[in-house]
Amino acid sequence: MEKKPDAFVLLHPGDNVFVCCHAVDAGSQVEIDGETIVLTESIEVGHKIARQSLESGDRIVKYGAPIGSATRAVARGEHIHRQNLASDYIPSHTRDKDE
Amino acid sequence: MKGYLRADGRKGIRNVVLVVYLVECAHHVARAIVTQSDSPDAQLIGFPGCFPNEYSLRIMSQLCTHPNVGGVVLVSLGCEGFNREALSVAIEGSGRPVSTLVIQQNGGTTSTIERGLSAVRDIQSQIDIVERGHFDVSDLMVGTICGGSDGTSGISANPAVGRCFDRLIADGAACIFEETGELIGCETVMADRAATPELGYEVRAAVEKAARYYETLGYGSFAPGNAEGGLSTQEEKSLGAYAKSGDSMIHGLIKPGDVPPGGGLYLLDIVPDGEPRYGFPNISDNAEIVELIACGAHLILFTTGRGSVVGSAISPVIKICANPDTYRNLSDDMDINAGKILEGAATLDEVGREIYDLTCRVADSERTKSEALGHQEFILTYKTFEPIGPACLPGRQG
């Protein structure tokens, strides 16, 4: 079997997210800190998944530093992005709507 | 390495003749002069506005006397607000040949283009004989910018540039990183790296100014593509961007047009001073590149995840691609594949060395991908700045 580098990396020991290094399909299994999780959606390169379950209002930590706060509860292994994470500083914008 | 020795004592890595329009009304004539000159070293820059602006005059003066520039042709309509006399005096004072063409005094479009072509040829023949002398890494000024960032930028290309910066600085070069609005969230760690506590205070104040400015405008410096590439928030983008600065001590805080007084790491504060006006601070990546060049940057290290293809007038742009998928898609535009770090095929240190080596070869005249493809983007708009305070350059007191 071809040996691939891990699909997800932990950038800093204090982080509660992993970053995707190569795209992974929905339904794939990933092992997070000893627990096997089935991904409910496909994850693209550069995107993040939760290392642990999170409550709304929890700080999301990447590079060992806060990158915003969870806006709702997040399950372990769930995709973390704009649907459940917001800046603690300033809003962002997309092509279709302001957020 | 060899560089072009200028009359003002500075050393360049290119020998460019700039054709400069001083208002949009002179743009077509200036562009025709450049196009018909048919030389990669005859390049077009300009300022579109008719209202006078101290910042744009200062930036234009710094660009026209940049070490990579050998001589300048100024193209004026005649009635615009730009102070062409002051610009011409600044260029002459630097020992560079300059020729001013005023369309209203030259019989219009056709004859001004003809005179412009002859002025470019004349200047080229004068600067073809500029001496090329020894050019050391300690003579280099390098700027860095990220554009089209995604979730890979902060873990491959940006930290690799940081490693390259550390090595350049150890060798005596001046390195500049920027966009305080894209450093929102990094102010505390960044201030701790400042050479003095007073400089640390200035660094923090610059980021706070950026946060206030962008808040008034309603958006951070965060494009839709950033989100598509996996970045969720401004501070996440910032932490990734910050990695470009490496680990060296921050020697100073400068503003657009300030030339670093010596080697070391400098933060460029690009957010205007005073009440927000004239709109977003830098409306696109090239506005930032222009400001880095106005600070004397000989070349630009440009990291991208989504895949920017731009280059620049005046200074070569080295494109470092963070995302392996983007690299495969846009390899003709990319000088360095940092995405291989994510695939386990290289380490950050190895790619950092690759960037350092290419930087030296480009300084020694090798053309980058964007140069070979003819990219010479340029944009300059309105801004206002107060001069930097004494705490901003602690190495240069007294």
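Select H1(B) and H4(B), the pair where Val29(B), Ala32(B), Ile33(B), Gln36(B) and Ser37(B) of H1(B) touch Thr109(B), Thr112(B), Ile113(B), Gly116(B), Leu117(B) and Val120(B) of H4(B). Two residues are in contact if their C-beta atoms, placed from the backbone, lie within 7 Å. By class, this contact of H1(B) with H4(B) has six nonpolar, five polar and no charged residues. Ala, Val, Leu, Ile, Met, Phe, Trp, Tyr, Cys and Pro count as nonpolar, Asp, Glu, Lys and Arg as charged, and the others, Gly among them, as polar.

The model is predicted: local features need pLDDT of at least 70, side-chain atom pairs count only at pLDDT 80 or more, and totals for chains, interfaces and linings use all residues. Residues are numbered from 1 along each chain as its sequence is written, and chains are lettered from A and ligands numbered from 1 in the order in which they are written. Helices (H or I, at least four residues) and strands (E, at least two) are DSSP runs, numbered from the N terminus.

Stay on the pair and look along the axes. The axes of H1(B) and helix H4 (residues 109-127) of chain B come within 9 Å and cross at roughly 45°. Axes are lines fitted to C-alpha atoms, for helices over the stretch in contact, and angles run from 0 to 180 degrees between N-to-C directions. H1(B) and H4(B) are therefore oblique to each other; angles under 35 degrees count as roughly parallel, over 145 as roughly antiparallel, 65 to 115 as roughly perpendicular and the rest as oblique. The crossing of H1(B) and H4(B) is right-handed (left-handed if the near helix is turned anticlockwise from the far one by less than a right angle, right-handed if clockwise).

Next, select residues 54-64 and 84-93 of chain B, helices H2 and H3. Their axes come within 9 Å and cross at roughly 30°, which makes H2(B) roughly parallel to H3(B). H2(B) passes H3(B) in a right-handed crossing. Leu57(B), Met60(B), Ser61(B) and Cys64(B) of H2(B) make the contact with Ala86(B), Leu87(B), Ala90(B) and Ile91(B) of H3(B). Seven residues of this contact are nonpolar, one is polar and none is charged.

Now show the strands of chain B. An open sheet of four strands runs in the order S4-S3-S5-S6, with parallel pairing; two strands pair if DSSP finds at least two bridges between them. Strand S4 (42-46) and strand S6 (98-102) of chain B stand at the edges with a single partner strand each, so one side of each is left without a neighbour in the sheet. The twist averages 20° from one strand to the next. Inside this sheet, select strand S3 (residues 16-21) and strand S5 (residues 69-76) of chain B, which pair in the parallel sense over six bridges. Val17(B) stands opposite Gly71(B) in S5(B). Helix H1 (residues 27-37) of chain B packs on the sheet and touches S3, S4 and S5 of chain B; its direction makes about 165° with that of S4(B).

Which strands form the open sheet of three strands in chain B? The order is S2-S1-S7, with antiparallel pairing. Strand S2 (11-12) and strand S7 (132-134) of chain B are the edge strands. Select Tyr4(B): its bridge partner in S7(B) is Arg132(B).

Last, show both chains. The contact takes 29 residues from chain A and 28 residues from chain B. S7(A) gives the largest share of the side of chain A that touches chain B, four residues.
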